[in-house]
Amino acid sequence: MDIESITGVGTRMTVRLPLTLAILDGMSIAVGNETYLIPLNYVVESLQPTRAMIKSVGGVQRLIQVRGEYLPVVALHELFNVPARTADFERGIMVVLEADGAKAALFVDSLVGQHQVVIKSLEANYRKVAGIAGATIMGDGRVAMILDVIALVAMARGTLAAAA
């Protein structure tokens, strides 16, 4: 950051960002005490399901019927082994995701908000983690994981195909 100031003329501030900086529009969600980000371009809708929407078809226990489609459900608290505020689908939120033409529903405790964040590569700084695309540092200083939606939808579809 450069600041140039001339008395009586004004001040010019220049901010230079590195070329490798990637900014993401994301929806922040909460599961227990953890915060995650979903890239906004994969989010179709979010809803609070009713008992009538939760289905079991062909041995698959976790399906949700949304607008005539049966979508597999990924419970984020189970996937990442974190304590959730609720395991009851009717008390949480389902976020409908679409990636590569396939849809799935992500079960979370609550929606937090929408943010623009800078992506930090997790693989370059740590290792590859299934279901995680990267990380970011939120405005309050906490680290939030950025979800790999393509991998999550593929996992959900794989579970559905295995049961069929």
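What percentage of the 164 residues in the protein is buried? Buried residues, meaning those under 20% relative accessible area with a 1.4 Å probe and protein chains only, make up 39% of the 164 residues. This is a predicted model, in which local features need pLDDT of at least 70 and side-chain atom pairs count only at pLDDT 80 or more, while totals for chains, interfaces and linings use all residues. Residues are numbered from 1 along each chain as its sequence is written, and side-chain values use heavy atoms, with hydrogens and water left out.

**Overall make-up**
- The protein has 3 helices and 13 strands, taken as DSSP runs (H or I, at least four residues, for helices; E, at least two, for strands).

**Aromatic pairs**
- The structure holds 2 aromatic pairs, counted where ring centres of Phe, Tyr or Trp (its six-membered ring) lie within 6.5 Å.
- The rings of Y36 and F80 have centres 5.5 Å apart and planes at 20°, so this pair is stacked, the term for planes under 30 degrees apart.
- Y36 lies in strand β4 (residues 34-39) and F80 in the loop between α1 (76-79) and β9 (93-99), so the pair ties together parts 44 residues apart in sequence.
- Y36 is buried, with a relative accessible area of 5%.

**Nonpolar cores**
- The largest nonpolar core has 25 residues, a core being a set of buried Ala, Val, Leu, Ile, Met, Phe, Trp, Tyr and Cys residues joined through side-chain atoms within 4.5 Å.
- Elements giving two or more residues to this core are β3 (23-31), β4, β9, β10 (102-108) and α3 (149-163).
- A second, separate core of 12 residues includes M53, V66, V73 and V96.

Note on methods: Buried < 20%, exposed > 50% of the residue type's maximum accessible area, 1.4 Å probe, protein only. Phe/Tyr/Trp six-rings, centres within 6.5 Å; stacked < 30°, edge-to-face > 60°.
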